[in-house]
Amino acid sequence: EYLLADGEPDAVERVRAELNARGAAKYSVTAFALRAAALALVRVPAANAAWDDGAVRRYRSADLAVAVNTPGGLIAPVIRNAQDKSVTALNAEVRELAARARAGRLKPEEYAGGTCTVSNLGMFGVTSLYAIVNPPQACILGLGAVTQRPVVRDNAPAVGLVLTATLSADHRAIDGAVGAEFLGAFRQLMQDPWSLLM
């Protein structure tokens, strides 16, 4: 199953820019997307699932794997219980895991498991991607670059920021309706920074 949704993250980008201007830590789009994905899995628990030995297995925690490009190839360290972590905590953890992944210093248990993967290729200028599901997980969320594009606001054309999110899902565990509900929740959250920061 492949689904695509465009969101308008103008408000999130304004808050992210303000946070980056105020502090030493630089907040990535990925940190906000991880928070949104984790909260979306809480809102749509049927999407936090896997196909396991002929049956659907649902997870209680949102353990998000994050795709990281390394000199040795792609690896996806896992942020456990992401639903309980703030944007600040997620930002710090993903930076630390990515640095250790690139240095080849991850422990096997740090990249095993995960209930969903988030893959952000926006930094490479890609506007959308359909990533391949990493079994036994049942879904992967692909993110493109936040770009200025034509949008319609108040029934008039305008220029706004757009983020394209795609969901690749194993239909045995996550059907189209569940995938669409999850993607809709993610899109809504990525347009509301206060939902992500509280």
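**Pockets and cavity of a predicted model**

**View 1. The largest pocket has a volume of about 500 Å³.** This is a predicted model in which local features need pLDDT of at least 70, side-chain atom pairs count only at pLDDT 80 or more, and totals for chains, interfaces and linings use all residues. Residues are numbered from 1 along each chain as its sequence is written, and side-chain values use heavy atoms, with hydrogens and water left out. On a 1 Å grid over the protein atoms alone, a pocket is an open set of points with protein on both sides within 12 Å along at least five of seven lines, a cavity is a set where a 1.4 Å probe fits but cannot get out, and lining residues have an atom within 4 Å of a point. Points are joined across faces, edges and corners, and a volume is the space filled by probe spheres set on them.

**View 2. The lining of the largest pocket consists of 23 residues.** Nearest its centre lie T30, A67, R102, N120 and M123. At least two lining residues come from each of α2 (29–43), β5 (68–70), α3 (87–102) and β8 (116–120), and α3 gives the largest share, 4 residues. Helices (H or I, at least four residues) and strands (E, at least two) are DSSP runs numbered from the N terminus. By class, 13 lining residues are nonpolar, 7 polar and 3 charged (nonpolar: Ala, Val, Leu, Ile, Met, Phe, Trp, Tyr, Cys and Pro; charged: Asp, Glu, Lys and Arg; polar: the others, Gly among them).

**View 3. The second largest pocket has a volume of about 250 Å³.** Its lining has 18 residues, with A76, T117, N134, Q137 and I140 closest to the centre. Both β6 (73–75) and β8 give two or more residues to this lining. The lining of the second largest pocket holds 13 nonpolar residues, 5 polar and no charged.

**View 4. The model has 1 cavity of 30 Å³ or more.** The volume of the largest cavity is about 50 Å³. The residues that line it are A5, D6, G7, E8, P9, L163, A165, F186, R187 and M190. Two or more of these come from each of β1 (2–7), β11 (156–169) and α4 (176–189), with the largest share, 3 residues, from β1. The lining of the largest cavity divides into 6 nonpolar, 1 polar and 3 charged residues.
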